[in-house]
Amino acid sequence: MNVRASNRTATPHYNFSRSLTNSQLMVSDLLGKIKHWMKGIGVSQNKIINVQIVVAEALNNIIEHGFSVGYSGTIDIQIDAYDDRIVVELMDNGKKFTPPN
């Protein structure tokens, strides 16, 4: 992963945000919407694929580990596109994860 110094207070040029339920069925629909949005703002196909992979893995982990079977919850996603980076933020109301020592 490359990390570049940049103005972190800059305003993103484009924003994408959605809320969804903790359903595996919602993941593929959301990935399609992300792809459509990113194409529309001129993001390269390679970057779109990378973002989709990261988002899919994160969402699947949230659904699998953050929500018990039968538990209904919400996952919010915010994607900000800047000149030099794309920032993805996922928030959920699932179970808190405490890693083992």
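Predicted model: local features only at pLDDT ≥ 70, side-chain atom pairs only at ≥ 80, totals over all residues.
Helices α1 and α2 are roughly antiparallel to each other, because their packing angle of about 155° lies over the cut-off of 145 degrees for that description. The chain has two helices and three strands, which follow one another from the N terminus as β-α-α-β-β.

**The helix pair**

- The axes of α1 and α2 are 10 Å apart where the two helices pack.
- The crossing of α1 past α2 is right-handed.
- On the α1 side, the contact is made by Gln24, Val27, Leu30, Leu31, Gly32, Ile34, Lys35, Met38 and Lys39.
- These residues meet a set in α2 that includes Ile48, Val51, Gln52, Val55, Ala56, Leu59 and Ile63.

**A closer look at Gln52**

- Gln52 belongs to helix α2, and it is one of the residues there that meet α1.
- Leaving aside residues up to four places away in sequence, Gln52 touches Leu31, Gly32 and Lys35.
- Gln52 counts as buried because its relative accessibility is 17%, and the cut-off for buried is under 20%.

**The sheet**

- The three strands make an open sheet in the order β1-β2-β3, with antiparallel pairing.
- Its edge strands are β1, covering 14-21, and β3, covering 86-92, and each of them pairs on one side only.
- From one strand to the next, the twist averages 10°.
- Strand β2 spans residues 74-81 and is joined to the antiparallel β3 by seven bridges.
- Two of the facing pairs can be picked out by name: Ile77 stands opposite Leu90 in β3, while Ile75 has Asp92 in β3 as its bridge partner.
- The link from β2 to β3 is a hairpin of four residues.
- When you inspect side chains here, keep in mind that in a regular strand they alternate between the two faces of the sheet.

**How the helices sit on the sheet**

- Helix α1, residues 24-40, lies across β1, β2 and β3.
- The direction of α1 is at about 170° to that of β1.
- Helix α2, residues 45-66, also packs on the sheet, where it touches β2 and β3.
- The direction of α2 makes about 10° with that of β3.

**The chain as a whole**

- Taken along the principal axes, the C-alpha atoms fill a box of roughly 40 × 35 × 20 Å.
- Of the 101 residues in the chain, 29% are buried.
- Among contacts between residues at least 6 apart in sequence, 59% join residues at least 24 apart.

**The segment after β3**

- Pro99 is found in the segment that comes after β3.
- With a relative accessibility of 49%, Pro99 counts as partly exposed, since exposed would require over 50%.
- Pro99 and Gly42 are separated by 57 residues in sequence, and their C-alpha atoms are 38 Å apart in space.

Methods: Residues numbered from 1 in each chain as written. Heavy atoms only, no water. Pairing = 2+ DSSP bridges. Axes fitted to C-alpha atoms, helices over the stretch in contact; angles between N-to-C directions. Contact = heavy atoms within 4.5 Å. Parallel < 35°, antiparallel > 145°, perpendicular 65-115°, else oblique. Left-handed = near helix turned anticlockwise from the far one by under 90°. Buried < 20%, exposed > 50% of the residue type's maximum accessible area, 1.4 Å probe, protein only.
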